[in-house]
Amino acid sequence: IPQISYASTAPELSDPGRYEYFSRVVPPDSYQAQAMVDVVRALGWSYVSTLASEGNYGESGVEAFVQSSRETGGLCIAQSIKIPREPRPGEFAKVIGRLMETSTARGVVLFANEDDIRRVLEAATLANLSGHFSWVGSDSWGAKMAPVQGLEEAAHGAITILPKRASVPGFDEYFTSRSLENNRRNLWFHEFWEDDFNCRL
């Protein structure tokens with residue numbers, strides 16, 4: 001079944017041998033990893049830490065960042081920390097503690113989900129380290145307010161990556177006008193309709 005994704009950024013999905021019928025309209029994480037390397041180099045940093053949410057998105061993103069930084073040269077990774085999928089109480093305080101083990105690496109490259117970003121910023125605030133770290137965040141942070149709301153001081157100065165976006169004229173009107181009567185070619189639309197309107201057809 002051919003699929004076109006608006007949000008799947010995992011690099012391995014670019015493999016046509018494994019995902020012959022998959023396409024996307026957003027660049028893979030390897031592109032934003034390269035952009036993050038470019039940002040770090042433009043800032044004149046040579047010693048950074050990386051922080052990744054456990055799982056495909058975080059780990060692949062950091063791996064692409066590390067690989068790209070090796071190819072570019074002149075950038076040392078102080079440490080790469082992984083946030084567990086199901087963090088225990090106190091896990092984020094430990095993450096901040098580990099980052100402080102190499103405290104001169106004040107630049108931290110984040111490939112993490114929104115919840116993990118928020119909890120890292122909370123832990124930095126609780127450790128009285130707001131302003132100590134300079135964050136470079138991936139598109140999961142992007143232009144979103146949720147990860148930083150109430151934690152603005154800890155996030156101050158962060159640079160985040162977001163793929164270029166554009167509105168398609170007429171799309172919203174078209175999309176919101178879809179109904180069971182005028183959208184019969186989509187075989188799954190009735191399932192969406194039942195779920196969205198909590199009904200049975």
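1. Order of elements. In this predicted model, the protein chain runs β-β-α-β-α-β-α-β-α-β-α-β-α-α along the sequence. That makes seven helices and seven strands.

2. Overall dimensions. The C-alpha trace spans about 60 × 35 × 30 Å along its principal axes. Accessible surface comes to about 12400 Å². Carbon and sulfur atoms hold 52% of that surface.

3. The protein chain has 201 residues, and 39% of them count as buried. Take the contacts with a separation of 6 or more: 62% of these join residues 24 or more positions apart.

4. Main core. Nonpolar side chains tend to be buried together in soluble globular proteins. Here the largest nonpolar core has 23 residues. Leu51, Ile96, Leu99, Leu121, Trp135 and Trp141 have the most contacts inside this core. At least two core residues come from each of strand 4 (76-83), helix 3 (91-101), strand 5 (107-111), helix 4 (114-126) and helix 5 (152-155). Helix 4 gives the largest share, five residues.

5. A closer look at Leu99. Which residues does Leu99 touch, leaving aside those up to four places away in sequence? They are Ser49, Leu51, Gln79, Ile81, Val108 and Phe133. Of these, Leu51 is also listed with Leu99 among the core residues with the most contacts.

6. Another core, of 16 residues, lies apart from the largest one. Its members include Val48, Ala52, Ala64 and Val66.

7. Charge. The protein chain carries 19 positive and 26 negative side chains. The centres of the two sets lie 2 Å apart.

Key:
Residues numbered from 1 in each chain as written. Predicted model: local features only at pLDDT ≥ 70, side-chain atom pairs only at ≥ 80, totals over all residues. Heavy atoms only, no water. Helix = DSSP H or I, 4+ residues; strand = E, 2+ residues; numbered from the N terminus. Buried < 20%, exposed > 50% of the residue type's maximum accessible area, 1.4 Å probe, protein only. Contact = heavy atoms within 4.5 Å. Areas by Shrake-Rupley, 256 points an atom, 1.4 Å probe, with all protein chains shown as cover. Lys, Arg positive; Asp, Glu negative; His and termini not counted. Charge placed at Lys NZ, Arg CZ, Asp CG, Glu CD. Core = buried A, V, L, I, M, F, W, Y, C linked by side-chain atoms within 4.5 Å.
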